Amino acid sequence: QVQLVESGGGLVQAGGSLKLSCASSRSIFSINAMGWYRQAPGKQRELVATFRSGSVTNYADSVKGRFTISRDNAKNTVYLQMNSLKPEDTADYYCYAGVVVGNAVNAYWGQGTRVTVSS
């Protein structure tokens, strides 16, 4: 089991910055994939940024160059630094952890944190 607790969402003007945090109840060394997804109203949940296989990062094209995923292994925490925010970044942001067990992947989600970007 992995419990994930997000923080750092809020309201910001376009062009501003926010930093999201996701604290894991389990050592992130034992988690195969970890990162952030988001879901805007009326849309499907989409990948924002993830770590896979240790240090390999993957970003959605829409956030490349603006968002940075990082982690603090000692704190079992993953961060998402969001710069140059746009109104279209408005969404609920969810922390994700994937743990491989045999041939399956167990997926864990945080409760979500809302980011609202005003124009």
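**First stop: the disulfide**

The link of Cys22 and Cys95 is left-handed, with -80° about the S-S bond. This pair ties together distant parts of the chain: Cys22 belongs to strand β3 (residues 18–24) and Cys95 to strand β9, 73 residues apart. Strands here are DSSP runs of E with at least two residues, helices are runs of H or I with at least four residues, and both are numbered from the N terminus. A disulfide is a covalent bond between the sulfur atoms of two cysteines. Select Cys22 and Cys95 together, and the S to S distance of the disulfide reads 2.0 Å. For this tour, a disulfide is a pair of cysteine sulfur atoms within 2.5 Å. The structure holds one disulfide.

The model is predicted: local features need pLDDT of at least 70, side-chain atom pairs count only at pLDDT 80 or more, and totals for chains, interfaces and linings use all residues. Residues are numbered from 1 along each chain as its sequence is written, and side-chain values use heavy atoms, with hydrogens and water left out.

Are the two cysteines buried or exposed? Cys22 counts as buried because its relative accessibility is 0%. Cys95 counts as buried as well, at 0% relative accessibility. The term buried means under 20% relative accessible area, exposed means over 50%, and partly exposed lies in between (1.4 Å probe, protein chains only).

**Second stop: the whole chain**

Now display the protein chain as a cartoon. The chain has zero helices and 11 strands, and along the sequence its pattern is β-β-β-β-β-β-β-β-β-β-β. Its radius of gyration is 14 Å, close to the 14 Å that the globule rule gives for 119 residues, so the chain is as compact as a globular protein of that length. The radius is taken over C-alpha atoms, and the globule rule is 2.2 Å times the number of residues to the power 0.38. Along the principal axes, the C-alpha atoms fill a box of roughly 45 × 30 × 25 Å.

Of the 119 residues in the chain, 44% are buried.

Select Thr50, which lies in strand β5 (residues 46–52). Thr50 counts as buried because its relative accessibility is 1%. Which residues is Thr50 in contact with, leaving aside neighbours within four places in sequence? They are Met34, Gly35, Trp36, Tyr37, Val56, Thr57, Asn58 and Ile69. Contact means heavy atoms within 4.5 Å.

Move to Ala33, in strand β4 (residues 33–39). Ala33 is buried, with a relative accessible area of 7%. Not counting residues up to four places away in sequence, Ala33 touches Phe51, Arg52, Tyr96, Ala97 and Gly98.

Select Asn76, in the loop between β7 (67–72) and β8. Asn76 has a positive phi of about 50° although it is not a glycine. Asn76 counts as buried, with 19% relative accessibility.

Continue to Ser84, in the loop between β8 and β9. Phi of Ser84 is also positive, near 50°, and Ser84 is a residue other than glycine. At 40% relative accessibility, Ser84 counts as partly exposed.

Lys86 is also found in the loop between β8 (77–82) and β9 (91–101). Lys86 is partly exposed, with a relative accessible area of 35%. Leaving out residues up to four places away in sequence, Lys86 touches Arg66 and Val117. Lys86 and Ser118 are 32 residues apart in sequence, and their C-alpha atoms are 7.8 Å apart in space.

**Last stop: Val101**

Finally, select Val101 in strand β9. Is Val101 buried or partly exposed? Val101 is partly exposed, because its relative accessible area is 46%.
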